[in-house]
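Hi there,

Here is the model I promised to pass on. Please have a look at it first, and my notes on what turned up follow below.

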Number of protein chains: 2
Amino acid sequence: MNRNYSATVHSLKPLRIGIDTHQEPVVYLRSESHVCRSEGLEALSRISLSVDGRTLIATLNVVHDHLLDEDTIGLSEAAWRVLQPAPGSRVRISHAPTVESMSAVRAKIYGHRLSEAQLHSIIRDVVAGRYSDVELSAFITACGTENLDNDEVAGLTRAMIDAGERLSWPGTAIYDKHCVGGLPGNRTTPLLVAICAANGMTIPKTSSRAITSPAGTADTMETLAPVNLSLDAMRAVVEREGGCVVWGGAVHLSPADDILIRVERALDIDSEGQMVASVLSKKAAAGSTHVVIDIPVGPTAKVRTRHDATHLSEIMHLTGRAVGMDVRSVITDGRQPVGRGIGPALEAHDILAILQGKPDAPADLADRASELAGALLELAGRAAAGEGRQLALTTLRNGKAWQKFQAICTAQGGMRTPPVAPLTHPVLSPRSGRVIDIDNRKLSRAAKLAGAPIAPSAGLTLEKHLDDSVKAGEPLFVLHAEAPGELEYTLEYLEANPHIFQIES
Amino acid sequence: MNRNYSATVHSLKPLRIGIDTHQEPVVYLRSESHVCRSEGLEALSRISLSVDGRTLIATLNVVHDHLLDEDTIGLSEAAWRVLQPAPGSRVRISHAPTVESMSAVRAKIYGHRLSEAQLHSIIRDVVAGRYSDVELSAFITACGTENLDNDEVAGLTRAMIDAGERLSWPGTAIYDKHCVGGLPGNRTTPLLVAICAANGMTIPKTSSRAITSPAGTADTMETLAPVNLSLDAMRAVVEREGGCVVWGGAVHLSPADDILIRVERALDIDSEGQMVASVLSKKAAAGSTHVVIDIPVGPTAKVRTRHDATHLSEIMHLTGRAVGMDVRSVITDGRQPVGRGIGPALEAHDILAILQGKPDAPADLADRASELAGALLELAGRAAAGEGRQLALTTLRNGKAWQKFQAICTAQGGMRTPPVAPLTHPVLSPRSGRVIDIDNRKLSRAAKLAGAPIAPSAGLTLEKHLDDSVKAGEPLFVLHAEAPGELEYTLEYLEANPHIFQIES
C-alpha cells in the first residue's frame, strides 16, 4: 500500500451548452466516451472539474445523442458561471471526493447533536458547492423545527457568519431591523431606513429575497432601485446617506443562506433554528450591533401564538448574545396583512404613497413602520422613551424621510418607477356583511400563484380589511398578473379556496 | 368567481434530447419561447405533460442556446420512457398542480405525526411521480430513525402495499426470508430458496437491489439469471419450480420502494421505520404468510447491538401482525463478512461453489444458509424441531439444491455465467499476527468504490477472516475492478483508511 499515485485526471474541451439548471451545476458527457467508461461514470455521478485555477463539483448528466463529441464536456449555465473557461482552455475532470461532512448530516438524521466543528464543516462544504440538491434537502429537513438546540443554532449562526465576508463600520453603533415573515404586505423596512437615516443613524440594511412569501424586502426594493450592490458600492451608499436597502446575497454576507434558501423555497419550509441562524448571520455579517426584530403574531401569520413569539424572541436574544449582538424583539399584531399591496411592485406603490404623503396612503403601514423606527430612535437616544414613534411620524410628515429615501435610491444606482401589471381581475364578495377573518397564508398563496415575486408587478391589492363592511358584489381584493396563465391558475386556486375572507352578515 | 375555465394548455412538438437524468424526468424549453413567457415558467418549475393518454410531471430546465426551436419541448430519457410519444403527436403542457401531500411532509418536519390517510396520499403521489428529488429527500429525512412510531410504520407499510400490485397464490402457506443488510457477502437467499423449493415448499422470493451496500440479492442473482421478470413470468417460475429469486421492482410489488431507495442511496441513509416498511411491504405484496428475518449483529454490521436487534425484531413482528403476516427474526453473528466474495458476481461465484460441492467453497456461508433454511423447513413441518439445519445441509450435499437452483435459473430465462473482473489488486498485510477485527463498513465502502454493484464483477474477495493467522506481505483481500479509475479511487481510500483489518502480533 506504500506507493505514490494520483487518481486519474482527464482533460476535455468545455462547451457552453446553454441549459439553465438554476444553481446546481450540471455537466454533460457522452455515455460511450472514454472518460465515462474508464471512470465508471453514470447519470448523477458527482465529479470534480478544474480549469484556470477555478474548481467546481457538478452533477453528471449522460448524453446518448450527438449533442457532444468524445473530447468535449458540456457545461450548464451554472457550471459555466463558476468555471468561466478562457478560450482554448481544457477542463480537468475526476471523481468528486467523498463529502465527509454528509456523515454529520446522517448522524443528525439518526438523532445526534451537531457539534460546532461539524456545523462549520457542513457550511463550508455547502458554500463550496459540494452538496447536491438532494443532500441540501436532507440537511435542511434534518434541522427542521425543534431539531436544533440553542447551542446548535448558535453554532450554525457562527458557521454561516464565518463562511462569508463580514463588514465593519467606523466606531459607531450600527442599527438594524428584521421582520419574521409571514405577514403579507408588512414592508416597513424601506420606510424605517429612511426615517432612521434622516435622523442621523447608521443603518446599513441588507435584506433577503422571498423564501416562501410573495415578496421579500429585496424584491420590493428592487422595483425602486438597484439592490445587487457590491460591498464597496454598499459602503459608499452608507457613508454618504447613513443607510441603504440592498440584497444581502449580492454582497456575499452569509452566502450559505442564499444556497439554503433556494432549497427551502423548493420545499416551502422555513424552520425556527435555520430562520434564527439565517437572520442573525446576516445581521452580524453586516456589522450590526443593535437589532430590533418584528414578530407579528396571528392565526395565519408565521408565528401563531404569543407563546411561540416569546420562545422565538428568547432564542433570538440568546443567539444574538452568543454572536455578540443586542437583539430585542417587538411582538406585533399579525392577524391581517399590513398595507394594501401584496407583491414586490404593489408594496412599493404603498411605500411611495406614504413617503409622498398621498391622502390614500395606507395608514396601518405608516403606523407599523413608525412603531418599529421609534423603537430604534429610542435605542439610539434620538428620542426620549415613549417619544420615538411620534418623531418617526413627524419625519414622514415633514418630507425628510421622502428626501432621504430618494437620496438612498440615487446612491444605490438610480430611482426606478415600480411597474404596473398588464392584467387585473377583481375578486368580489359573494355576500354583504362584515369582514371577520382573513387567511394570510391563502392570500399569500394567491399572490404567489399570480406570479409574485418572480413577476415583479404581480400579486394583489386589498380593498377590504378586518372589521370593514362589504356589500355583495363589491371587490374584496384585486389580482394583478403579468401572464394570462398565472391569472387563470390563481382563479382556479380561489375557486377551490373560496373562504379566504370570512364575511359575517 | 362563478365561471368555467381551464388553465391554459399549450401544445408542443416533443424531441428526444438524449440526456439521461436518471429517474427524475426533466424537460427542456427555450427561455424566450411563448410558453415560458406566458406561463411564467423558469428553471426548476414543475410542469405537467400529457400525450396519447399518458401523463407525467417533470422538472423544467430552460435552454438559452439554439438546441430547441420555439415550437419544441425537449424530453430527457426518463421523460421519454414515460411518455413515449407516437411520431407526429404533440405534447400538451401546463403548470403542475400543487402536490397537496407535501403539506403533510412539512407537518412531519415540524414534528407532527403522519396519519394513515396522509401516508397513503404521500405514497400515492410518490408512485405517480409527483415528487421532485428534493421533495423525496425531505420525506425520507423527515422519516429518519426514531421519527416514526409503530402506527406510522404500519401505515407506511400498508400505503406501500396498496400502491403496487399484490400477488395471491393458491391456498398454501407462502414462505419468505429477508436479511437486514449491513453484513457484506451474506448472500444466503439463492441457497435457501433452492433448499426450500427442493423440499417442496412455495417460496416466491422477490429481492431488492443494493441500497447502501456493494450488492443486493437481485444484483447478485442477476449475474446468474435474469431477474427483471414480469408478474406472469414470476408466477410461471414459481408454479413450475416452487421458488424463484427475482427483482421486486420489476414485478411492481411496492413500486414506491424503488423510487424511495434511489434517493436513500444518494443520501446513503436507510432508517429503521422505512426499512421495516420497505421489507414487509414487499413480503406482503408478494403474498407471503410466514417470513423469517435474519438480523446479523456486530459492531460494524447495520445492527450493532443485541438490544437494537431485539427492538427491530419487535417492530418487524408488530408491523407484520398489523398487515397480516407471521414474522419471526433470527439474530445471527454479524462481526465479519460471510463467505469470500463481496460484490454481485464475486458472491455468485461463492454460491456456485457451495451448490456444486467444490472443496474450496466457503463453509461459513453454507452454514448460515442452512441455519436460516432450517428455520423455514421446521416452520413448514418438513423437519422436526432442531433437525431443520441438518436437512438443509443434506439437501446441499446430495445435489438436490444444485439441481433445483439450475431449474429455477432456467425457468427465469436461462442460467448465466457470472463475469470475472479484468483488474485485480491484492491488498497485503503490513505485519504478521492474528486478525482480531474487521471493519465491515469500510470493507463495504472499498467494494463500492471498486465499482460494486454497478460494475457487476467488481468488489473484493477476502483471503483472511477473524482469528486467522497472517504473515506480513500475505494478502488480506483482493480488489476486483472493471475500470482503472475505480481501482485507483479505491486504493486512495485504503491509503486513507489503513486499519480495516486489525492485526495483533
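Across the interface of chain B and chain A, zero salt bridges are found, a salt bridge being a side-chain nitrogen of Lys or Arg within 4 Å of a carboxyl oxygen of Asp or Glu. Over all chains, though, the structure holds 45 of them. One of these joins B:K108 to B:E152, with the closest N and O atoms 3.0 Å apart. That pair ties together distant parts of the chain, 44 residues apart: B:K108 sits in helix α3 (residues 102–109) of chain B and B:E152 in helix α6 (residues 150–162) of chain B. Helices here are DSSP runs of H or I with at least four residues, numbered from the N terminus.

A word on conventions: this is a predicted model, in which local features need pLDDT of at least 70 and side-chain atom pairs count only at pLDDT 80 or more, while totals for chains, interfaces and linings use all residues. Residues are numbered from 1 along each chain as its sequence is written, chains are lettered from A and ligands numbered from 1 in the order in which they are written, and side-chain values use heavy atoms, leaving out hydrogens and water.

Back to the interface. Chain B gives 65 residues to the contact and chain A gives 66, where contact means heavy atoms within 4.5 Å. Together the chains bury about 5600 Å², 58% of it on carbon and sulfur atoms; this is the accessible area (1.4 Å probe) lost on putting the two parts together, summed over both.

Chain B superposes on chain A by a rotation of 179° with 0.1 Å of shift along its axis, at RMSD 0.1 Å (least squares on C-alpha atoms of residues with pLDDT of at least 70 in both). The two copies are thus related as by a two-fold rotation axis. In chain B, B:V134 has the C-alpha nearest the axis, 2.5 Å from it.

A:V263, A:A266 and A:L267 in α10(A) meet B:V134, B:E135 and B:A138 in α5(B).

Best wishes

Notes. Helix = DSSP H or I, 4+ residues; strand = E, 2+ residues; numbered from the N terminus.
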